[in-house]
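Reader: Could you walk me through this one? I'd like to start with the strands and then move on to the ligands.

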Amino acid sequence: MIQTNFDLQSVNTFGISVKAKIFAAFSSMEELSELLKQFPNEERLILGGGSNLLLTKDFDGLVLKNEIKGFRVISEDEHEVIVEAGAGEIWHAFVLKCIEQNYSGLENLSLIPGSVGASPMQNIGAYGAEIKDCFESLQAYHIATGEMHTFDKAACAFGYRESVFKNKVKGQYVICAVSFRLKKNAHVNTSYGAISSELEKQGIANPSIRDVSNAVISIRQSKLPDPKVIGNAGSFFKNPIVANSVYESIKAQHPEAPFYPVDDKHGKLAAGWLIEQAGWKGKTIDTYGVHKLQALVLVNYGGSTGNQIYDLSSQIIADIETKFGVTLEREVNIL
Ligand code: FAD
Ligand code: EPU
């Protein structure tokens, strides 16, 4: 159904109320193609679960919500399986389905909100894993020609919260299906400290992939706000990658500052730690603010505008620059 003057509040996890000129959902490539033909000149926004967006104004164009479903095994042998999911599948439901079949690889990415189709956009990651670790390929609709193109891992140019879809081919494709190469013999990854301590707390010595998934779910629920209760889009900023020398000067004042080596010369600082040190954690301004348990997450307690939250993020960026000489980059897509 095509709707006009549609309030997007229920389809973005920040819960921001702005209007879309035209809104329609599609559940097949044919429906997508028809909609694009019907509205050839409108600006477009492809929407999944709306969990990585900050809407700052009405959208004067066509919002297309991806509802392409599907789950199938493409090939398998004794050790591995390649599974494909429709882009409109809910990411966490897909992860649970893989765990049910005892296919390992995605369990550390449990409970990340959003759709399968958006997962390659920013190479979603958490708790020691990123989708690039078991990504196989994806099928995407090329808007200009109406052709389907296949992207393998190299073509996606994955990086930390990055892919070709946020850069070189931004806005040119609609991702329709994504496939992953998963292991049949469980290979659990408990390298992320919080997972091993959570498993230890639960008295689990030889975790199954379901145990790892449950541990991740419980860690996430203990610090990340549930968007159904408090509006948010997860980490608002990326963890900044800086030269070792930048870290050394911060460490001189704060020996406890977290730092994760990336290569010989660079590493990641924890943006949440920087923001907390600067005194922003838990700060509330009217109906929005910085989450009290995770300083990397900006929140809307209800009724805020996207511009209020954007302005808060600008103040935080300026303050971190002044206090630490580090420039934070927004992770959330701003529209
Ligand atoms: P949307 O917000 O709908 O879209 C995001 C971007 O992708 C937009 O630019 C949109 O146009 C584009 N897009 C969406 N679908 C398609 C498609 N099919 N084809 C082409 N373009 C498309 N992210 C992490 O990486 N790790 C985390 O641990 C994590 N934790 C989070 C926790 C919370 C509480 C929340 C609210 C968010 C978290 N996120 C995390 C961010 C978010 O869940 C991911 O970025 C997710 O992949 C977004 O999916 P979505 O379907 O909601 O995308
Ligand atoms: N920290 C603080 N104060 C805070 C938050 C964090 O001091 O308020 C410190 C922690 O104590 C820890 C370090 O910062 O030493 C890292 O914290 P955490 O493990 O919570 O992870 P993060 O860096 O804040 C990243 C991702 C998350 C992902 C988690 C788990 C980014 C931008 N964020 O957060 O992804 O779930 O690691 O792997 O990389 C998202 O992208 O939306 C997201 C939630």
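Author: Strand S18 (residues 288–290) and strand S19 (residues 297–300) run antiparallel and are joined by 3 bridges; strands here are DSSP runs of E of at least two residues, helices are runs of H or I of at least four, both numbered from the N terminus, and two strands pair if DSSP finds at least two bridges between them. This is a predicted model, in which local features need pLDDT of at least 70 and side-chain atom pairs count only at pLDDT 80 or more, while totals for chains, interfaces and linings use all residues. Residues are numbered from 1 along each chain as its sequence is written, chains are lettered from A and ligands numbered from 1 in the order in which they are written, and side-chain values use heavy atoms, with hydrogens and water left out.

Reader: Which residue in S19 is the bridge partner of Tyr288?

Author: Tyr288 has Asn300 as its bridge partner in S19.

Reader: And what is the strand order of the open sheet with antiparallel pairing?

Author: That open sheet has 4 strands in the order S13-S19-S18-S17. Strand S13 (231–235) and strand S17 (284–285) are at its edges with a single partner strand each, so one side of each has no neighbour in the sheet.

Reader: What about the sheet with mixed pairing, which order does that have?

Author: The order there is S1-S2-S5-S3, again an open sheet of 4 strands, with strand S1 (3–7) and strand S3 (43–47) as the edge strands, each pairing on one side only. From one strand to the next the twist averages 40°, where axes are lines fitted to C-alpha atoms, for helices over the stretch in contact, and angles run from 0 to 180 degrees between N-to-C directions.

Reader: Do S2 and S5 pair parallel or antiparallel?

Author: Strand S2 (residues 19–26) and strand S5 (residues 59–66) pair in the parallel sense over 6 bridges, and Phe23 stands opposite Val63 in S5. Helix H1 (residues 29–38) packs on this sheet and touches S2, S3 and S5, contact meaning heavy atoms within 4.5 Å, and the direction of H1 makes about 150° with that of S2.

Reader: Switching to the ligands: how many residues are around ligand 1?

Author: There are 33, of which Ile46, Ser51, Ser115, Gln122 and Arg220 come nearest; a residue is counted if one of its heavy atoms lies within 4 Å of the molecule. By class the shell has 16 nonpolar, 15 polar and 2 charged residues, with Ala, Val, Leu, Ile, Met, Phe, Trp, Tyr, Cys and Pro taken as nonpolar, Asp, Glu, Lys and Arg as charged, and the others, Gly among them, as polar.

Reader: Which atoms of Ile46 and Ser51 are involved?

Author: For Ile46, a backbone N or O atom lies 2.6 Å from an oxygen atom of ligand 1, whereas for Ser51 a side-chain N or O atom is 2.6 Å from an oxygen atom of the ligand. The protein covers 93% of the 990 Å² of accessible area that ligand 1 has on its own, by the Shrake-Rupley method with a 1.4 Å probe.

Reader: And how much of ligand 2 does the protein bury?

Author: A polar side-chain atom of Glu276 lies 2.6 Å from a nitrogen atom of ligand 2. Taken alone, ligand 2 exposes 810 Å², and the protein buries 82% of that.

Reader: Which helix gives the most to the shell around ligand 2?

Author: H7 does, with 3 residues.

Methods: Polar contact = N/O pair within 3.5 Å; in protein donor to acceptor, adjacent residues only side chain to side chain.
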